[in-house]
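Subject: Handover of a structure

Hello,

Here is the structure I promised to pass on. Please open it before you read further.

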Amino acid sequence: MKLLFSIHINVTEVIEVKGKKDTARMVLFNGFAEGIFSGKVENGGVDTQKEIFGEAGTLSARYILSGKDEDGTPCKLFIENNGKFGEPYTCPKIITDSEKLGWLENAKLFGQICNENNELIIKIFEDN
């Protein structure tokens with residue numbers, strides 16, 4: 001496994017509705033990335049979470065990053081990252097306009113949600 005890049009998350013707002021049995025939450029965020037891609041999370045990053053009575057809750061984050069690949073060429077990444085509460089890894093999917101990073105669209109990737117020094121970090125790995 002190879003760490004490709006890390007996304008440092010800054011939660012800006014949480015919107016929640018609690019039903020009789022289930023809870024839905026939208027976690028809005030911004031932040032920045034560093035690694036083979038460096039840049040910022042554009043406005044509109046959101047993690048939609050559902051806690052379903054009697055089941056493991058789910059998360060589905062979607063966001064666009066604007067920045068540069070490791071050669072310094074400007075590019076963007078769209079990331080959809082899905083997972084379940086309590087599981088150690090997530091399943092990210094990436095779309096990019098980068099020639100250099102185009103291989104990410106077909107790569108076998110996994111993500112890890114980390115809390116380091118009170119900072120939320122999403123790490124994206126290639127599964128070799």
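My notes on the sheet, the aromatic pairs, the surface and one loop follow.

First, the ground rules. This is a predicted model, so to speak of local features a pLDDT of at least 70 is needed, side-chain atom pairs count only at pLDDT 80 or more, and totals for chains, interfaces and linings use all residues. Residues are numbered from 1 along each chain as its sequence is written, and side-chain values use heavy atoms, with hydrogens and water left out.

The sheet

Eight strands form an open sheet. Strands here are DSSP runs (E, at least two residues), numbered from the N terminus. The order is β6-β5-β4-β3-β2-β1-β8-β7, and the pairing is antiparallel. Two strands pair if DSSP finds at least two bridges between them. The edge strands are β6 (91-96) and β7 (109-116), and each pairs on one side only. On average, neighbouring strands are turned by 25° against each other, direction ignored. That angle is taken between lines fitted to C-alpha atoms, on a scale from 0 to 180 degrees between N-to-C directions.

Two strand pairs are worth a look. β1 and β2 run antiparallel and are joined by 13 bridges. A hairpin with four residues connects β1 to β2. Across this pair, Glu13 stands opposite Leu28 in β2. Next come β2 (residues 23-35) and β3 (residues 37-51), antiparallel over ten bridges. Their hairpin has one residue between the strands. Here Phe32 stands opposite Lys40 in β3.

The aromatic pairs

The whole structure holds four aromatic pairs. Rings of Phe, Tyr and Trp (its six-membered ring) pair if their centres lie within 6.5 Å; planes under 30 degrees apart count as stacked, over 60 as edge-to-face and the rest as tilted.

One of the pairs is Phe29 with Tyr63, edge-to-face, at 5.3 Å centre to centre and 75° between the planes. Phe29 lies in β2 and Tyr63 in β4 (residues 58-69), so the pair ties together parts that are 34 residues apart in sequence. Both Phe29 and Tyr63 are buried. Buried means under 20% relative accessible area, exposed over 50%, and partly exposed in between (1.4 Å probe, protein chains only).

Another is Tyr89 with Phe110, also edge-to-face, at 4.9 Å and 85°. Tyr89 sits in the loop between β5 (74-84) and β6, and Phe110 in β7, so this pair ties together parts 21 residues apart in sequence. Tyr89 is partly exposed at 38% relative accessibility. Phe110 is buried at 12%. Ring pairs link Tyr89, Phe110 and Phe125 into a cluster.

The surface

Val11, Val14, Ile113 and Leu120 form a nonpolar patch, with about 310 Å² of accessible area together. Patch members have over 30% relative accessible area and no salt bridge, and nonpolar side chains (Val, Leu, Ile, Met, Phe, Trp, Tyr) are joined within 5 Å. A salt bridge is a side-chain nitrogen of Lys or Arg within 4 Å of a carboxyl oxygen of Asp or Glu. Areas come from the Shrake-Rupley method with a 1.4 Å probe. Val14 belongs to β1 (residues 2-18). Val14 is partly exposed at 48%.

The loop between β7 and β8

Most residues other than glycine have a negative phi. Asn117 has a positive phi of about 55°. Asn117 lies in the loop between β7 and β8 (119-126) and is exposed at 79% relative accessibility. Asn118 lies in that loop too. Its phi is near 60°, again positive. Asn118 is exposed, with a relative accessible area of 79%.

Best wishes

How values were computed: Patch = residues over 30% accessible without salt bridge, like charges linked within 9 Å, V, L, I, M, F, W, Y side chains within 5 Å.
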